[in-house]
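Here are my notes on the model you sent. Please read them beside the sequence and the coordinates.

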Amino acid sequence: MIKVAPSLLAADMGNLRQAVIDLEKAGADYLHLDVMDGAFVPNISFGAGVIKALRPHTNMFFDVHLMVDEPGRYLQDFAAAGADLLCVHYEACRHLNRVIQQIRALDKKAAVALNPATPVSVLEDILPDLDMVLIMSVNPGFGGQSFIEGSIAKIERLASMIQNAGLDIDIEVDGGIVAANAARVKAAGANVLVSGTGILGQSDYAAAISAIRG
């Protein structure tokens, strides 16, 4: 089943509560929450306090993408704030297995994100412990970037790895996803599609979500 996850990073930061309410009414499956620390990525977004403030206003699944150095330091805070899934970057974790164990201990779904230059092969040993893998189809840190075409082959390689291992793991793709390229991303094997301006930059959220879901 295809799930669409609007990225709140593209919303009006002065009116996040209304954006969340509107996205749920429009049929979004997940809410993708990009947490940036200004160190792992060259931008700062929001933290656990904002997520906690938004949690009472929606029943959407909170897909929390931690673009932060050594995210193990903050997992408890984001779990308590209302995250349903915690996604950490392979490149940001010195001891990835330990971080995934921490997420499990908090009774949250666990995911690992890969930057465009990181091959999917690095996840071979940790794959059985994951609920989802996030393929970054842009370099992380800013919204509104163009989709990196080489991501299609990368999604296909990951899908093959998962199938060969006999696992049931979601493949999420984040970066430059719009209605025009969503079909190719899904055909490659992705089933969770993140879109920021492709949804929040449109006048009709419901139509944009429907077009991406297909």
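1. Buried means under 20% relative accessible area, exposed over 50%, partly exposed in between (1.4 Å probe, protein chains only). Strands (E, at least two residues) and helices (H or I, at least four) are DSSP runs, numbered from the N terminus.

2. The model is predicted: local features need pLDDT of at least 70, side-chain atom pairs count only at pLDDT 80 or more, and totals for chains, interfaces and linings use all residues. Residues are numbered from 1 along each chain as its sequence is written, and side-chain values use heavy atoms, without hydrogens and water.

3. Met132, Leu134 and Met136 point one way from E6. Val133 and Ile135 point the other way. In a regular strand, side chains alternate between the two faces of the sheet.

4. E6 (residues 132-136) runs parallel to E7 (residues 170-174), joined by five bridges. Isoleucine 135 stands opposite valine 173 in E7. Four bridges join E6 to E5 (residues 109-114), also in parallel. There, valine 112 stands opposite valine 133 of E6.

5. The open sheet has eight strands, paired in parallel in the order E1-E8-E7-E6-E5-E4-E3-E2. Pairing requires at least two DSSP bridges between two strands. E1 (3-6) and E2 (30-36) stand at the edges with a single partner strand each, so one side of each has no neighbour in the sheet.

6. Helix H8 (residues 205-213) packs on the sheet, touching E1 and E8 (192-195). Contact means heavy atoms within 4.5 Å.

Methods: Axes fitted to C-alpha atoms, helices over the stretch in contact; angles between N-to-C directions.
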